[in-house]
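Here is a short briefing for a reader who is new to this structure. Look over the sequence and the model, then read on by topic.

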Amino acid sequence: MPLPGTALSPNASAPQVIDDLPASYADGLDEATKALVDKGRYVARLGDCVACHTGDKNKPLAGGLALTTPFGKLYSTNITPDPKTGIGRYSFEQFERVMRKGVAADGHNLYPAMPYPSYAKMSTDDLKALYTYLMKGVKPIEQANLPSDMSFPFNQRWGLTLWNWAFLEDKPFEPNPQQSAQWNRGAYIVQGAGHCGACHTPRGIGFQEKAMSEAGPKGVYYLAGETVENWRALSLRGLWTPEETAEMLKTGRNRHGAVAGNMVDVVQHSTQYLTDDDLLAIGIYLKSLPPSEYDKSMQVVQNPALTIAPAAQQVTTASAAKVPADLYTSRGGLGYLQFCNDCHRSDGAGVPGVFPPLDGNLALQQDDPATFMHIMLTGAKTAQTKTYARVLTMPSFSRLSDAEIAEIGNFVRKHWGHPESKPITADMVAEMRKELEVKNIDNRKFETPRLADMLKEPNAQQLILGARLNLETRDLLPHNVGNALNCTSCHLNAGTVADGSPYVGVSAFFPSYAPRSGRVITLADRINGCFLRSMNGKALPVDSEEMKAMIAYFDWMKRETKPEDKVEGRGVGKIDTKLVPNVANGEQIYANQCALCHGKDGEGIKNAAGQWVYPPLWGDQSFNIGAGMARTYTAAAFVKRNMPIAFHDNFPLGQGGLTDQEAVDVAEYFSHMPRPDFAAKAKDWPKDKKPFDARY
C-alpha cells in the first residue's frame with residue numbers, strides 16, 4: 001500500500017468501471033414507485049438504451065449519436081424527461097405507441113433503426129416500468145434533436161407507414177408452453193428488449209429483419225448472422241454452451257475470444273449488468289436454436305452446462321493448439337510472427353485472461369473476412385467490465401500494406417479459422433480501407449523491417465534460423481540461457497519495434513567502445529554479454545552456426561545503416577536522472593499495469609503446458625543483478641517507451657503510455673527486487689566510473 005500522504009499518479013489507480021446509465025431519482029418517490037423505477041432501469045439495461053441515445057457522455061440519454069445506415073445518417077433522439085426537447089410531455093399511451101409501432105407523439109414515423117419491431121414484443125408491465133424510470137429516474141436535459149440526413153426517397157417518412165404495414169409484427173411476446181420458464185425468459189429478452197436480431201438477423205429487400213423469432217417458415221433466418229457497418233455479426237444459433245455465452249455477455253470474453261465492434265458497447269453498457277439467471281436464460285435459448293443453412297459462421301457445438309463458469313476456468317489447453325508448420329517459411333507466417341505473436345502466441349492460443357485465442361475464434365471461422373479486416377485496419381478495444389476493468393487495446397495495423405494484411409489474414413484463417421474460405425486479396429483490403437476511411441495514425445519515420453522479406457534473400461535459411469534463435473532463445477539454446485528470458489523479452493516483435501532497441505540500430509552500433517567492459521567489443525561479444533548477464537547463462541561459441549545466424553539476422557535488418565546514422569529507437573532512450581523515484585507509486589503502477597503479464601509477485605506467467613509466456617521481472621528466473629534492466633534509469637527508459645503493451649493505440653503493440661516519473665517509479669520498484677547475482681561483477685568497470693544507479 002502507498003505510504004501515508006503519498007500522491008498516486010493516474011496510472012497507479014485501479015481502472016474503474018463507469019456506469020453511464022442515469023440513476024437520478026425524482027424527489028418524494030414512495031417505495032413502490034422507487035421499486036418500479038429500479039425495475040425500469042433494469043429494463044433499460046436489457047434494451048441498452050444508453051448506448052444509442054448518448055452522443056455526449058456528459059449528457060446521458062439526451063441523444064445526438066450519429067447512426068450510419070445504407071441510406072444516410074440518423075441521429076438518436078433525446079429520451080430524457082425534458083418537456084421541450086425530450087419526452088417529458090409523453091403520456092404512457094404515447095410512449096407505448098413509440099415502442100410498439102414506431103410513431104412519435106406528434107404522429108411522425110420513426111425509422112426502424114430504432115428497433116421498435118423488437119420492442120413491440122415487450123410486456124406492458126416492462127414498458128410501464130421503463131416509462132416510469134425515464135420520467136422519474138432520469139435527469140431532464142435540454143438538447144434539441146438533430147435532423148436526419150437521409151437520401152431521397154428514404155427521407156420521405158410517409159413511406160414508413162407502408163413499411164410498417166408490410167413488415168411490422170406488433171404483438172407482445174407469447175411464451176412457448178412446450179419450453180421451460182428459463183428458455184422463455186431467454187427468448188423474451190433476445191427477441192424483445194435485447195433486440196439481438198437487429199444486428200444478427202439477415203435483412204430483406206425492404207431492409208427488414210427476415211424473421212423476428214425462431215418460429216414459422218422464416219424462422220431459419222432468425223439470428224443467422226449479418227454484416228453491419230463492415231462488422232460481421234455472427235450467427236447466434238446453437239452458439240457455444242449456455243455458460244460460455246453467459247461468460248461472454250458478462251465479461252466480454254470467454255475461451256473462444258473477445259467481443260469486438262458494436263458488441264463492446266453492448267457488453268459494456270448492457271449485458272454485464274444483467275443477472276446471472278438472465279444471462280444463462282439467454283444462453284439456453286440461443287443454444288436451443290438448430291443450425292441453419294443461412295448461418296454466417298461455423299458453429300462450435302459442445303455439451304451444455306447449467307452454471308456460469310468462472311473466468312479463471314476458461315483456459316485453452318496446450319493440446320488444443322499447435323504451432324503451424326509454415327510459421328517460419330511463408331510470408332503470412334512471418335508476418336504473423338512479427339506483428340501478432342507477442343499477444344496471440346505462435347500456437348494461436350493467446351494468453352488466458354489477457355489476449356484472446358485465435359484457435360477456434362469465431363472472427364476467423366466466418367467465410368466473410370469483414371470482421372478480421374475491420375479489426376486489422378481500425379484496431380479494437382476490449383469491453384470494460386467489472387471482471388476485466390483494464391481495457392486492452394489492439395492498435396490499428398493500417399501501416400501494413402493491403403498485401404501484408406491479406407497474407408496474415410490468409411495464414412490465420414488457414415490454421416485457426418475457416419481454411420475452405422476464399423482467400424483474402426489485397427484488393428479486398430483496399431476496398432475495406434476505402435469504405436472505413438482509414439487514416440494512418442502512425443506517422444513516425446521508423447520503418448519496421450519486414451521479416452517476410454527474408455524469404456527473398458539467398459541466405460534465407462540462415463536468416464530464419466537467426467529469427468528463431470531470437471524468438472525461442474531459451475528453448476533452442478538451453479545450455480546458454482540460464483533463466484526464463486528470450487531475446488524478444490527486451491527486443492520486442494523480433495527486434496523490430498522502434499523503441500525496443502531494434503536490431504537495425506544495434507547491429508550498426510557495433511563494434512564499439514563499451515564503458516562496462518573497458519574495451520571495443522563486437523556484436524558477438526555483445527550477444528554473449530546478454531547470455532552472461534541478462535540471461536544468466538553461458539557464452540555461445542563465436543564460430544558456431546547459431547552465433548553466425550544471429551549476427552546474419554541482425555545485420556540483415558541493418559541494411560545500409562551506418563554507425564553514424566541516427567536510427568530511431570537505437571538503445572532505449574534517456575530518462576532524466578534528476579527525477580526522484582517514488583517507490584510506493586511504482587508498486588501501485590506495477591500492480592495495476594504490469595502484474596497482468598508479469599505476475600502479482602513478478603513471477604511471470606505460463607500457459608497451460610507450463611511454458612513461459614511473459615518472463616518474470618524478479619526472482620531466480622529473471623535477468624540478473626548485472627543486467628542493464630537492473631538499473632533504475634535504463635529500465636525506466638525502456639518502460640517509458642515500450643510498456644505496458646495494449647495500453648493504447650501505438651503501433652504495433654499498443655505500447656507505452658506512462659509518464660517519465662511513472663516509469664522511474666515502477667522501474668525503481670521492480671529493478672531493486674531480489675534477483676540472481678552476477679559472479680564476474682568485480683571486473684565489470686575496469687576503466688570507467690560505475691553508473692550511479694548500478695546495484696554494485
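What percentage of the 696 residues of the protein count as buried? The figure is 55%. This is a predicted model. The protein contains 26 helices and 13 strands. The points below start with the whole chain and then turn to single residues.

**Overall build**

- The radius of gyration is 29 Å. A compact globule with 696 residues would come near 26 Å, so the protein agrees with that expectation.
- Along the principal axes, the C-alpha atoms fill a box of roughly 90 × 60 × 50 Å.
- Take the contacts with a separation of 6 or more: 69% of them are between residues 24 or more positions apart.

**Surface and charge**

**Aromatic pairs**

- How many aromatic pairs does the structure hold? It holds 20.
- One of them joins Phe92 and Tyr131 in an edge-to-face arrangement. Their ring centres are 5.7 Å apart, and the planes make an angle of 75°.
- Phe92 belongs to helix α3 (residues 92-101), and Tyr131 belongs to helix α5 (residues 124-136). The pair therefore ties together parts that are 39 residues apart in sequence.
- Both Phe92 and Tyr131 are buried.
- Tyr336 and Trp416 form a tilted pair. Here the centres are 5.2 Å apart, with 50° between the planes.
- Tyr336 sits in helix α12 (residues 331-339) and Trp416 in helix α16 (residues 402-416). This pair thus links parts that are 80 residues apart in sequence.
- Tyr336 has a relative accessible area of 0%, so it is buried. Trp416 is at 4%, so it counts as buried too.
- Ring pairs also link Phe92, Phe95 and Tyr131 into a cluster.

**Cis peptide bonds**

- The bond from Phe510 to Pro511 is cis, and its omega is near 0°. Pro511 lies in the loop between α21 (503-509) and β10 (512-514).
- The bond from Phe651 to Pro652 is cis as well, with omega near 5°. Pro652 lies in the loop between α25 (632-642) and α26 (660-671).

- Phe207 is in the loop between α8 (197-200) and β4 (226-228). Phe207 is not a glycine, yet its phi is positive, near 65°.
- Is Phe207 buried or partly exposed? Its relative accessibility is 34%, so it counts as partly exposed.
- Leu223 is found in the loop between α8 and β4. Leu223 is not a glycine either, and its phi is positive at about 60°.
- Leu223 is buried, because its relative accessible area is 0%.

**Two buried loop residues**

- Thr488 lies in the loop between α19 (473-476) and α20 (492-495). With a relative accessible area of 13%, it is buried.
- Which residues does Thr488 touch, not counting those up to four places away in sequence? They are Asn470, Leu471 and Ala494.
- Pro324 lies in the loop between α11 (276-288) and α12. Its relative accessible area is 8%, so Pro324 is buried.
- Leaving aside neighbours within four places in sequence, Pro324 is in contact with Ser346, Phe411, His415 and Trp416. Trp416 is also the partner of Tyr336 in the tilted pair.
- Pro324 and Ser292 are 32 residues apart in sequence. In space, their C-alpha atoms are 31 Å apart.

Terms used. Residues numbered from 1 in each chain as written. Predicted model: local features only at pLDDT ≥ 70, side-chain atom pairs only at ≥ 80, totals over all residues. Heavy atoms only, no water. Helix = DSSP H or I, 4+ residues; strand = E, 2+ residues; numbered from the N terminus. Rg over C-alpha atoms; globule rule 2.2 N^0.38 Å. Buried < 20%, exposed > 50% of the residue type's maximum accessible area, 1.4 Å probe, protein only. Contact = heavy atoms within 4.5 Å. Phe/Tyr/Trp six-rings, centres within 6.5 Å; stacked < 30°, edge-to-face > 60°.
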